[in-house]
Amino acid sequence: MLKVEPAVLSDDELLERYQRAAFDYFIENVNQENGLVADTSRPNSPASIAVVGFALSCYPIGVERGWMARDVAVKLTLAALRFFSTSRQGNGDEVTGHKGFYYHFLDMRTGLRVGRCELSMVDTALLISGMLVAGAYFSDDDGDEAQIRQLAEALYRRVDWRWAQGSSPTLRQGWKPKSGFLHYGWEGYNEATILYVLSMASPDNPTSDDSYEGWTATYQWENIYGYDVLYGGPLFMHQFSHAWIDFAGIRDAFMREKNSDYFENSRRSTYLHRDYARHNPYGYGGYDANLWGLSAGDGPGSFRASVQRQRRRFSGYAARGAPFGPDDGTIAPWSCLASLPFAPDICLAALRHLRDRYPEVIDNFRLPSGFNPTLANRRKFGRNGWVSEGHFGLDQGIVVMMIENHRSRLIWELMRSNPHIRRGLGRAGFSGGWLSQPASPASGGGDVA
């Protein structure tokens with residue numbers, strides 16, 4: 001068979017291949033018995049509850065694109081929902097969660113807490129978001145799809161969001177059974193918008209009315225490279241909540257004052273990352289207008305090396321950001337595709353440049369968590385530099401969802417139909433745009449663009 005080179009593929013054909021490669025991560029790394037999905041493809045990786053949330057959101061995309069049979073998607077979705085519904089909750093050992101929340105990492109086989117990881121509020125929110133997507137998509141009246149809707153609703157309503165505030169107006173980031181809440185909350189803009197929307201919308205255990213306002217009071221508005229932006233250094237902060245909610249044209253009190261919205265803010269932040277790489281203030285290898293994107297992801301490890309005759313510190317997994325750092329020359333290639341709805345022209349240009357200039361970095365159209373061209377031709381690294389081993393579920397999930405939102409708006413349309421999302425946005429002060437229009441019924445399948 002004649003091999004078609006990416007250079008001759010249309011944009012849509014190229015996106016189809018990258019999206020499919022990312023989607024297959026979930027098929028390859030799921031425990032079909034309990035629906036749990038591995039955090040990474042590396043051996044003995046635990047499950048990540050956030051990755052399960054991404055998987056539940058991606059299964060409908062797979063069905064719509066013809067990559068997965070509907071009955072297979074139903075089976076995997078039900079396996080996950082049944083597991084979380086029946087898994088043990090409590091403040092002791094041998095549990096998966098507490099107060100409706102879940103521990104960040106779970107054993108792939110038993111589903112029990114791994115090590116001393118925290119009960120994670122935001123990762124639980126990403127998990128619940130995936131459940132709500134499943135509840136909106138699987139709309140048939142047969143027993144299995146009806147059970148998906150029932151379990152998704154029950155698991156969402158079980159979460160005690162008010163408890164997660166502790167004694168603070170804002171939500172805590174995590175909790176451990178022996179030490180209680182972690183000693184920090186949410187400060188500054190980040191990926192937590194979806195957490196606040198879900199928590200304020202809860203019919204049974206909502207957060208206090210001042211919780212969202214308490215969080216936005218910590219925001220940092222900046223002018224960087226000529227862009228007025230609500231600052232969040234790593235790109236994932238501008239992507240994760242947007243994977244589920246279309247923020248274009250809807251505004252809260254903060255954005256009304258700034259005459260902007262969160263979609264526009266993500267667009268500006270995407271261009272900011274491009275311009276930061278073009279400026280390349282630390283002289284890292286490869287950075288330019290078509291190689292950019294700092295985010296949370298894998299890194300080459302903790303050590304020091306000389307770059308442009310200056311000693312630089314390198315890191316392992318870290319949340320890298322622009323322009324205020326940290327930055328050790330490690331690009332997150334997937335972060336460009338995850339910004340596709342905001343700035344398609346520069347994102348597609350970056351994708352093609354990566355394939356043309358660094359083809360060995362891409363594993364059959366699947367992007368790595370991290371790539372550091374500054375380390376090219378150095379001891380222990382290849383001619384292209386350091387490349388992350390294996391793949392990370394969070395990276396692959398956000399790629400699948402944001403490509404789909406760019407192509408068909410499927411996830412955005414499903415979540416627009418969810419009354420909890422609308423109620424949470426309203427309680428947080430959002431108005432205008434599509435929130436001013438009646439909700440359309442959820443669609444359990446149809447043609448994709």
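Predicted model: local features only at pLDDT ≥ 70, side-chain atom pairs only at ≥ 80, totals over all residues.
1. Helix 1 covers residues 11-28, and helix 11 covers residues 344-357. Their axes come within 12 Å and cross at roughly 70 degrees. Angles of 65 to 115 degrees count as roughly perpendicular, so helix 1 and helix 11 are roughly perpendicular to each other. The crossing of helix 1 past helix 11 is left-handed.

2. Which residues meet where helix 1 and helix 11 are in contact? From helix 1 come Asp11, Leu14, Leu15 and Tyr18. From helix 11 come Leu348, Leu351, Arg352 and Arg355.

3. Look again at Arg355. Besides taking part in the contact with helix 1, Arg355 lies over the face of Phe365. The distance from the ring centre is 4.5 Å.

4. Now the aromatic rings. The structure holds 36 aromatic pairs. One of them joins Phe101 and Trp163. Their centres are 6.0 Å apart, with 45 degrees between the planes. This pair is tilted.

5. Why does the pair of Phe101 and Trp163 tie together separate parts of the sequence? Phe101 lies in strand 3 (residues 101-103). Trp163 lies in the loop between helix 5 (143-158) and strand 6 (174-176). The pair therefore links parts that are 62 residues apart in sequence.

6. Is Phe101 buried or exposed? Phe101 is buried, and its relative accessible area is 0%.

7. Finally, find the aromatic cluster. Tyr189, Tyr196, Tyr212, Trp215 and Tyr219 belong to one cluster together with Trp221, Phe247, Phe254, Tyr262 and Phe430.

How values were computed. Residues numbered from 1 in each chain as written. Heavy atoms only, no water. Phe/Tyr/Trp six-rings, centres within 6.5 Å; stacked < 30°, edge-to-face > 60°. Helix = DSSP H or I, 4+ residues; strand = E, 2+ residues; numbered from the N terminus. Buried < 20%, exposed > 50% of the residue type's maximum accessible area, 1.4 Å probe, protein only. Lys NZ or Arg CZ within 6 Å of the ring centre and 35° of its normal. Axes fitted to C-alpha atoms, helices over the stretch in contact; angles between N-to-C directions. Parallel < 35°, antiparallel > 145°, perpendicular 65-115°, else oblique. Left-handed = near helix turned anticlockwise from the far one by under 90°. Contact = heavy atoms within 4.5 Å.
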